[in-house]
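Student: Could you pick out one part of this model and take me through it closely, starting from a single residue and working outwards to whatever surrounds it? I would like the cut-offs behind each term as you go.

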Amino acid sequence: MIKKTVLVFTFSLGALLIANGARAQSQEKEKAPKMEQIEKNTTRLELKVEGMSCQSGCANGIDNMLKKQKGILSSETLFDTSSSVIRYDSRVISEKDIIALIEDRGFKVKKKTDKK
């Protein structure tokens, strides 16, 4: 009797684990198109930022301000190179709006151009 109970329990547990694994794979597949959609609308903006006097106040201040804006996915501003690289959702915020936000903090901003 105990062997039969253990066998039924083991079989049930195995079936439950298999079902959960299949559900997890199904959920991953459902998430995949959403991730592709986010990447499709992600734009990378490289800027030259003039007028910064330090990393902690100026460059980090720009990053902190931008990261609070809807549509900004990431922002990395470096005092040493007077540059900023921003990834954003172009459906939510525009390049023009991003540049205006930085200029409103008192900095001069130019879009970097490819030199090939």
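Tutor: Leaving aside its neighbours within four places in sequence, T42 is in contact with L73, R87 and Y88, where contact means heavy atoms within 4.5 Å. This is a predicted model, in which local features need pLDDT of at least 70 and side-chain atom pairs count only at pLDDT 80 or more, while totals for chains, interfaces and linings use all residues. Residues are numbered from 1 along each chain as its sequence is written, and side-chain values use heavy atoms, with hydrogens and water left out.

T42 belongs to strand 1, where helices (H or I, at least four residues) and strands (E, at least two) are DSSP runs numbered from the N terminus. T42 counts as buried because its relative accessibility is 19%; the classes are buried under 20% relative accessible area, exposed over 50% and partly exposed in between, with a 1.4 Å probe and protein chains only. The protein chain as a whole has three helices and four strands, in the order α-β-α-β-β-α-β from the N terminus, and of its 116 residues 24% count as buried.

Strand 1 has pairing partners in both strand 3 and strand 4, two strands being paired if DSSP finds at least two bridges between them. With strand 3 the pairing is antiparallel and extends over seven bridges, and D89 in strand 3 is the bridge partner of T42. With strand 4 the sense is again antiparallel, over four bridges, and there the bridge partner of E50 is K108. Strand 3 is in turn joined to strand 2 by six bridges, also antiparallel, with S74 opposite R87 of strand 3. In the hairpin of strand 2 and strand 3, which has four residues between the strands, S82 takes a positive phi near 50°.

Not counting residues up to four places away in sequence, L47 touches S82, S83, S84, I86, I99, I102, V109, K110, K111 and K112. L47 is also among the residues with the most contacts inside the largest nonpolar core, which has 18 residues, the others so listed being L66, I86, I98 and I102; such a core is a set of buried Ala, Val, Leu, Ile, Met, Phe, Trp, Tyr and Cys residues joined through side-chain atoms within 4.5 Å. Strand 1, helix 2 (55-67), strand 3 (83-89) and helix 3 are the elements that give two or more residues to this core, and helix 2 gives the most, with five residues.

Helix 3 contributes the buried residues I98, I99 and I102. They cover an arc of only 95° around the axis, which puts them on the same side of helix 3, the arc being that of the directions from the helix axis to the C-beta atoms. An α-helix has 3.6 residues a turn, so residues three or four places apart point the same way. Strand 1 is one of the elements that cover the buried residues of helix 3, the cover also including helix 2, strand 2 (72-78), strand 3 and strand 4.

The charged side chains complete the picture. Side chains of opposite charge can pair when their charged atoms come close. The structure holds four salt bridges, each defined as a side-chain nitrogen of Lys or Arg within 4 Å of a carboxyl oxygen of Asp or Glu. One of them links R44 and E46, whose closest N and O atoms are 2.4 Å apart; R44 is exposed, at a relative accessible area of 52%, whereas E46 is partly exposed at 33%. Another joins E50 to K110, at 4.0 Å from N to O. Since E50 lies in strand 1 (residues 42-50) and K110 in strand 4 (residues 108-111), this pair ties together parts that are 60 residues apart in sequence. Both partners are partly exposed, E50 with a relative accessible area of 30% and K110 with 42%. K111, one of the residues touched by L47, meets E95 in a salt bridge of 3.2 Å, N to O. K111 lies in strand 4 and E95 in helix 3 (residues 95-103), so this pair ties together parts that are 16 residues apart in sequence.
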